[in-house]
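Here are a few exercises to work through with the model open beside you. Try each task before you read its solution.

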Amino acid sequence: MSRSSLWLSLVVLALPFTGVTFLIYETVGFNWSELNDEAWRASLAVTLYVTLTSTLLSLMIGTWLARTIYMKRSSWLASLLKWPMFVPHVAAAYLFYLLFSGGFPVYGLFEANERNHLVVILTYVWKEVPFVFLMVVGTYGQLNHGYLDMAKTLQLKPLEQFRVAEWPFLVKPLLDSFWVLVAFISFAYEVPALLGVTFPELLGVLAYERLTTGLFLNAFESYAVALIWTLFIFTGVVASYALTAKQRRRIERGMRR
Amino acid sequence: MHRLKQLGLLVSLVFLAACGTTRAEIAPTFEEAAEEAKQSTVNFYMWGGDDGINRYIDEYVAPRLKETYDLDLNRVPMDTAEFVRQLSLDKRANREEGTIDLMWINGDNFRNAAEAELLQGDLLDKIPNAALLNEEAQATDAGTPTNGLEVAWGNVQFVLHYDADKVNNPPTTFDELHRWTEENPGRFTYPEVTDFTGNAFVRHLLYAEYADTVRDGEIPDAFWEELSTWSPNLWKQGTTYPKSLAQLDQLYASGEVWMTMGFNERRAEAERNAGVFPDGTRALTLEHSIASTHFLAVPFNAKNPNGAIVVINELLSPEAQLAKQDATYWGDGTSLDLTKLDATDRDAFLKLDEGVTYPDPQRLAERSIPDYGPAVIDLIREEWDRVAK
């Protein structure tokens, strides 16, 4: 490892720590009970709902697509699938806003600015499926076909085949993708700001609003929420990797030839 | 490694330079300020959401400044609350040389900036054209005394606009407007109260019910219950509201709602002429209308305060104010007292009062009411959520 890359890594590592230190510094003396207002409670609930729904749907659809394309070996479909990745989130939000703010065939069920946030979820799924696909398709590329052949020889049912011959290898990329998506979607601004509703607002939108409008006092609420959320995600990441460590190590060793 | 050391040295030098600067001072007279400001750049931070306003600054004001004072004006579009916030961070970090030289501000942003001591004082004595100002407009900013921390730039009133091709019998009072929404469900809405205009609309309804009795006090529960009864007949049954005035204007332009609103009685003219707003757009003056003044201020750590003084003086000149009020660019009301101008200038202003979408100026002036203070604005922001639910 060269010296410059070591320095660069140190700088990159120092940034999140600086961020967290800043948040802690800003929230010293903050009256935490202020967060117990209805806007924040409702925001937490709707954020969890939107984040988990979009993330899980993206993971399932992305994996399914990667698997199908791997099985069928259709490379043109694989390259076609990537293109939503190159559309910025704000452009995607506008696209879906234009599609669903009136007159679309399923208008009523799917509608921009309604409280079930279906169009927000749809936008995220459309944007994140290619990301999951990319994360997973590599794993499929390296998959040892022997496991699948063995599972077939043993005459396991298709679902069982998937569970023993594919799933163990997918844990790592899916876990990575899960946390990337959760961290991103749960505190993003553009998409829910354009497609969401006035009440309840997603965490990112409400935090930005409290940060920039009205009294400066409200800014501390946003800092506090950002701090809690960072710690929450950090804990989640550590816990989930610790819990799956044993299984992942066994698989990584097993894959060595 | 050698490179790295160089970089480290550079970074620490920049850091030291940032710490070591002192505050720039305003010259004692305007002539000296103008001399100092020659060949400098003034960074003008202002809300950039309106094309007409941006064009007025870029196409009209900036070339004039270049020609008369040899000074470059750099317009930086940013939300007001955001740059006030940036300034307050500067203050806390003792940053004596900032990036903002001049800013456009009013209302609770001004109140916040004044409380946090982010602005330079005694501006009026240094600006010759300040003598022409309308003293009443200059005195207070949405209930907060200005104390020479800001200079009035424009003075407008709140009006609604409606599409006369769709609305046959426009309401004349806020009560009638409520009834009109019941008869035309889904055709009216107002921006969220975090938005400047949305909050002002709710203040008008508050004034219609309680007039001056709630100033700086509490808003009775009955008001919120009454306001909730509007919801079922608003756009999307009141389950959501436009996030900003720009979004409401879009809904109005596309014909989804039939009314829009805003400060500045002349704001619809340019939009209608450009074909954005419907041809039938007309002004709607209800029983009262809040008058609002917007201001210019110089931050405590402006790098080029002399340049800022020169720009303010230019923006207050009768010619620049006249061009601002003309519908070509902006259509913003003047902050000058017309009686203090000479006859030719005064006549030029009076001639501008003709536009298809303008309200009757006499009637609008009669119905003008002063704004509630920032306390009421905050209260509405805090308590309106129960209506939005």
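**Exercise 1.** Work out what share of the contacts in chain A between residues at least 6 apart in sequence join residues at least 24 apart.

*Solution.* Begin with the criterion: two residues are in contact if their C-beta atoms, placed from the backbone, lie within 7 Å. Next, keep the contacts in chain A between residues at least 6 apart in sequence; of these, 76% join residues at least 24 apart. For context, chain A holds 11 helices and 0 strands, where helices (H or I, at least four residues) and strands (E, at least two) are DSSP runs, numbered from the N terminus. Its C-alpha trace spans about 70 × 55 × 35 Å along the principal axes.

A note on conventions: this is a predicted model, in which local features need pLDDT of at least 70 and side-chain atom pairs count only at pLDDT 80 or more, while totals for chains, interfaces and linings use all residues. Residues are numbered from 1 along each chain as its sequence is written, and chains are lettered from A and ligands numbered from 1 in the order in which they are written.

**Exercise 2.** Describe the side of chain B that touches chain A.

*Solution.* First, count both sides: chain B supplies 21 residues to the contact and chain A supplies 17 residues. Then find the elements of chain B that give two or more residues: helix H4 (80–92), helix H5 (107–115), helix H16 (374–383) and helix H17 (385–388). H4(B) gives the most, with 4 residues. Finally, sort this side of chain B by residue class: 5 nonpolar, 5 polar and 11 charged. Here Ala, Val, Leu, Ile, Met, Phe, Trp, Tyr, Cys and Pro count as nonpolar, Asp, Glu, Lys and Arg as charged, and the others, Gly among them, as polar.
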